[in-house]
Amino acid sequence: MNTAPRTCSSRTSRVVSALSLLLLLAACNAQYGLPVPGYGYPGGLSQFAPRMGKSGNYVYYTQFEAYYHPATQQFYYPNGKTWEVKPTVLNTTAREVRATPGVPFQFPDHPSKYHEQVKQAFPTTWTPGKGRFDEPYEFGRSGWDIDRR
């Protein structure tokens with residue numbers, strides 16, 4: 001009788017398990033993805049950050065406190081206690097607004113529901129930061145910490 005341990009089958013099962021885990025992670029990343037780098041979404045808003053490869057359904061233009069909805073080509077912005085929905089923002093052309101820095105969002109509801117939080121996180125003086133992958137490596141910083149810089 002041969003009593004030697006069977007290392008080949010245990011090694012094979014480990015490789016298969018590792019490959020299965022990698023495929024599962026890749027599938028999750030394809031569906032949920034990583035947040036778009038360079039915007040520094042705070043914790044409460046990171047769930048509304050569009051995932052890599054997707055553009056989002058609204059772009060918030062901080063200088064105008066207005067949200068652009070590309071599908072309808074309309075701007076949503078507060079005017080007193082009501083919200084306006086128009087193709088322009090006040091006396092500014094759509095081209096001028098879209099030439100300023102904006103923050104993409106993927107909101108499931110009307111942007112008014114999130115506006116106070118967005119306005120606090122992205123004030124009118126906000127400008128986009130560098131992308132996470134363009135930044136130099138910092139010892140001790142987590143590589144997965146995208147939203148908290």
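User: Which residues touch the most other members of the largest nonpolar core?

Analyst: In this predicted model, the largest nonpolar core holds 15 residues. β1 (58–61) and β5 (102–105) are the elements that give two or more residues to this core. In soluble globular proteins, nonpolar side chains tend to be buried together. The members that touch the most others are Tyr67, Phe105, Phe107, Val118 and Phe122.

User: Which residues does Val118 contact, leaving aside its neighbours within four places in sequence?

Analyst: Val118 is one of the core members that touch the most others. With its neighbours within four places in sequence left aside, the contacts of Val118 are Leu45, Tyr60, Tyr67, Phe105 and Phe107.

User: How many residues are in the other core, the one with Val59 and Tyr68?

Analyst: This core lies apart from the one that includes Val118. Among its members are Val59, Ala66, Tyr68 and Tyr77. The count for this other core is nine residues.

User: In what order do the helices and strands of the protein run from the N terminus?

Analyst: There are three helices and five strands in the protein. Read from the N terminus on, the elements run α-β-β-β-β-α-β-α.

User: What share of the contacts in the protein with a separation of 6 or more is between residues 24 or more positions apart?

Analyst: The protein has 149 residues, and 30% of them are buried. Among contacts with a separation of 6 or more, those between residues 24 or more positions apart account for 54%.

User: Which residue of β5 is the bridge partner of Tyr58?

Analyst: Strands β1 and β5 pair over four bridges, in the antiparallel sense. Within β5, Gly102 and Pro104 point one way while Val103 and Phe105 point the other way, and all are buried. In a regular strand the side chains alternate between the two faces of the sheet. The bridge partner of Tyr58 in β5 is Phe105.

User: Why do the rings of Phe105 and Phe107 count as a stacked pair?

Analyst: Both residues are buried, Phe105 with a relative accessible area of 0% and Phe107 at 3%. Their ring centres are 4.8 Å apart. Stacking needs planes under 30 degrees apart. The planes of Phe105 and Phe107 meet that cut-off, so the pair is stacked, at 10°.

User: What kind of ring pair do Phe122 and Trp126 form?

Analyst: Phe122 is buried at 1% relative accessibility, and Trp126 is buried at 13%. Their ring centres are 5.4 Å apart, with the planes at 90°. Planes over 60 degrees apart fall in one class, so the pair of Phe122 and Trp126 is edge-to-face.

User: How many aromatic pairs are there?

Analyst: Ring pairs link a cluster that includes Phe48, Tyr58, Tyr60, Tyr67, Tyr76 and Trp83. Phe105, Phe107, Tyr114, Phe122 and Trp126 also belong to that cluster. The count of aromatic pairs comes to 14.

User: Which residue lies over the face of Tyr68?

Analyst: Tyr68 is among the nine residues of the other core. A residue lies over the face of Tyr68 at 5.1 Å from the ring centre, and that residue is Arg98.

User: Which residue in the turn between β2 and β3 has a positive phi?

Analyst: Strands β2 (residues 66–69) and β3 (residues 74–79) run antiparallel and are joined by three bridges. Across this pairing, Tyr67 stands opposite Tyr76. The two strands form a hairpin with four residues between them, and the turn residue with a positive phi, about 55°, is Gln73.

User: Which residue takes a positive phi in the hairpin of β3 and β4?

Analyst: β3 and β4 run antiparallel, joined by five bridges. One of the pairings is that of Pro78 with its bridge partner Trp83 in β4. This hairpin has two residues between the strands, and the residue with a positive phi, near 75°, is Gly80.

User: Which side chain makes a polar contact with the side chain of Glu84?

Analyst: Glu84 is found in strand β4 (residues 82–86). Glu84 counts as buried because its relative accessibility is 18%. Beyond its neighbours within four places in sequence, Glu84 is in contact with Phe75, Tyr76, Tyr77 and Asn79. The side chain that makes the polar contact, at 3.2 Å, is that of Asn79.

User: Is Thr127 buried or exposed?

Analyst: Thr127 lies in the segment after α3 (115–121). The C-alpha atom of Thr127 is 9.8 Å from that of Gln63, 64 residues apart along the chain. With a relative accessibility of 54%, Thr127 counts as exposed.

Technical notes: Residues numbered from 1 in each chain as written. Predicted model: local features only at pLDDT ≥ 70, side-chain atom pairs only at ≥ 80, totals over all residues. Heavy atoms only, no water. Buried < 20%, exposed > 50% of the residue type's maximum accessible area, 1.4 Å probe, protein only. Polar contact = N/O pair within 3.5 Å; in protein donor to acceptor, adjacent residues only side chain to side chain. Contact = heavy atoms within 4.5 Å. Core = buried A, V, L, I, M, F, W, Y, C linked by side-chain atoms within 4.5 Å. Phe/Tyr/Trp six-rings, centres within 6.5 Å; stacked < 30°, edge-to-face > 60°. Lys NZ or Arg CZ within 6 Å of the ring centre and 35° of its normal. Pairing = 2+ DSSP bridges.
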